[in-house]
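Try each task before you read its solution.

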Amino acid sequence: MFSFRYIIILDDIWSISSWESIRCALPDNKKGSRVIVTTRNEDVAKTCCSHHQDWIYKIQRLSDAKSRELFFKRIFGSEHELPNDELEEVSNSILKKCGGLPLAILSIGSLLASKTNRTKQEWQKVCDNLGSELESNPTLEGAKQVLTLSYDDLPYHLKSCFLYLSIFPENYEIKRGPLVRRWIAEGFVSQRYGLSTEQIAESYFDEFVARSIVQPVRIDWNGKVRSCRVHDIMLEVIVSKSLEENFASFLRDNGSLLVSHDKIRRLCIHNSQNQLVQNTSASVSHVRSFTMSASVEEAPVFFPRLHLLRVLDMEGCICLRNNDLNCICNFFQLKYLSLRKTNTSKLPRRLGNLKHLETLDIRATLIKKLPTSAKNLSCMKHLLVGHKEQLTRTGSVKFLKHCSGLEMDPGVVKNMKSLQSLAHIVVKDQPLVLRDIGLLQKLRKLKVLIRNVEVNWKELVGSLGKLATFLS
C-alpha cells in the first residue's frame with residue numbers, strides 16, 4: 001500500500017476495459033491522491049468518476065482569437081505577427097477548417113512554416129488539397145494518426161456508419177432522423193432481440209456524439225442531439241478512408257471525380273458545374289446510394305440508369321421536375337427516397353412499384369396527394385409531409401404553412417402496416433381514413449391536420465384510443 005500522496009495523469013484512454021485494468025493498481029490511501037484521465041469518449045469519462053467528488057471537465061475548442069494566435073505563433077514565431085493582406089483571407093479559410101482544434105492548427109501551421117514560399121497561392125494550395133496533404137505529408141502525419149484512431153477504435157458494426165459521414169459536404173448540418181433512416185436503408189443496422197432497428201441506429205448516433213466524432217449542433221429540451229456536424233479535418237480523414245475502402249465516390253466543386261475503383265457503390269455530387277456533372281464517364285451500374293447537392297443545375301443524364309439504388313436523396317434540388325421522377329419507379333430496390341425542399345408537385349403514377357420503400361420524405365414540396373398505387377407500399381415506415389417555416393433564427397419556433405399536408409384516400413394507409421411515422425396528413429370528411437389509422441399498431445408518431453370540415457369526432461377519438469398504447 002502506498003504511504004505517500006501521488007498524482008497520476010493518464011492521457012488518451014480509449015476504452016472502459018483499459019481504465020478498469022489500470023484502476024485496480026491505483027489504491028485510495030486516503031491521503032488526497034489524485035488521478036487525471038484524458039479521453040475523447042464520454043462513456044469512459046463517466047466510468048472514471050467513481051466518487052461523488054469526481055467531475056468531468058469538457059475542454060472547449062479554441063476561440064477565433066486564440067486560434068489565430070496559436071496559428072501565427074507556430075508559423076512566424078510570434079503571436080503578434082500578422083500575415084500581410086494577401087494572406088489574410090486564406091488564413092481565415094484554413095482556420096475555419098481547423099475549427100478550433102489545437103492539434104489541427106499546430107499541424108497545419110507546422111506545414112506552412114516549413115515552406116519557403118509564403119504566398120497566397122502556396123497557402124491556398126494547402127487549403128484546397130488538405131485531404132491529399134494528410135495522406136502524403138509527414139508534417140501532418142501526427143494529426144492523421146490521432147484522427148484515424150477514431151476509426152480504428154470503433155467496433156466493426158459502427159465502421160460503415162462512420163464512413164457514411166463522408167457523403168456530406170463540409171460544414172453540413174446532419175439531421176439525426178434522416179441519417180439513421182439512411183443507415184437502416186443501407187443495411188448497416190442489424191436488429192437485436194427486444195430492440196427495433198430504429199432504436200439501435202439511434203444508439204449508434206449517440207455513440208458518435210459520446211466519442212466526439214461529431215459535434216452537436218441542435219439539442220432539444222431533454223438533451224437529445226437532433227443534428228450535428230463533422231469537423232472539417234475529421235471529414236478529410238473520413239473521405240480518405242472512404243476512398244481507400246471503395247465505400248463512396250465524389251464529384252466535387254472543383255470538378256474532380258474522386259473514385260478509387262471501377263465499381264462505384266455510393267455516389268455524391270457536390271458540384272454546381274452542370275457540364276462536369278453531365279460529362280462524367282464513370283460507370284454507375286453498381287451505385288446503391290445517390291446524393292445530389294442542391295446546387296446542381298440539372299438531373300444528370302445517367303440518373304435513369306441507377307437501377308440498383310437503395311437510397312436516393314435529392315433534398316433541396318430545385319432543378320428537379322416531375323418528369324425527372326418517372327424513372328424512379330424502375331428502382332425496385334429503393335428503400336429511402338427524399339424529395340424534400342424540391343419543386344416537385346406530383347409523384348409518378350407507378351410509385352407503388354417500389355415495394356421495398358420504407359421512407360418517403362416529401363416535406364416542403366408542392367405534393368398534395370399520393371397516387372392510387374401507393375396502397376401497394378406495404379413496407380412504408382416513415383411517410384413525412386408538411387411545410388414548416390422558421391420563426392426564429394435557431395429554428396426553435398416554427399409554424400406549419402397554410403394548405404400544407406397530404407390528403408389521403410381511404411384504403412391507402414391501412415395497407416402500410418409497418419408505419420411508424422405519419423406526418424402531416426389532412427383529414428377531411430372521410431371517417432374511413434381515421435378508421436384506417438386506428439389499425440396501425442406500429443405507429444409511434446402521428447400528426448393530423450383537421451381543416452375546414454365538420455369533424456367526425458367519434459371516429460377520431462376511436463382511432464386515437466386504439467393507438468394510445470403505441471404513440472410516444
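**Exercise 1.** In which sense do β4 and strand β5 (residues 225-229) pair, and over how many bridges?

*Solution.* This is a predicted model, where local features need pLDDT of at least 70, side-chain atom pairs count only at pLDDT 80 or more, and totals for chains, interfaces and linings use all residues. Residues are numbered from 1 along each chain as its sequence is written, and side-chain values use heavy atoms, without hydrogens and water.

Step 1: strands are DSSP runs of E, at least two residues, and helices are runs of H or I, at least four, numbered from the N terminus. Step 2: two strands pair if DSSP finds at least two bridges between them. Step 3: β4 and β5 pair in the antiparallel sense, over four bridges.

**Exercise 2.** Which strands stand at the edges of the open sheet?

*Solution.* Step 1: the order of the three strands is β3-β5-β4, with antiparallel pairing. Step 2: β3 (174-175) and β4 (215-219) are the edges; each has a single partner strand, so one side of each is left without a neighbour in the sheet.

**Exercise 3.** Is I9 buried or exposed?

*Solution.* Step 1: find I9 in strand β1. Step 2: recall the cut-offs: buried is under 20% relative accessible area, exposed over 50%, partly exposed in between (1.4 Å probe, protein chains only). Step 3: I9 has 59% relative accessibility, so I9 counts as exposed. Step 4: look across to β2, where I36 stands opposite I9. Strands β1 (residues 7-10) and β2 (residues 34-37) pair in the parallel sense over four bridges.
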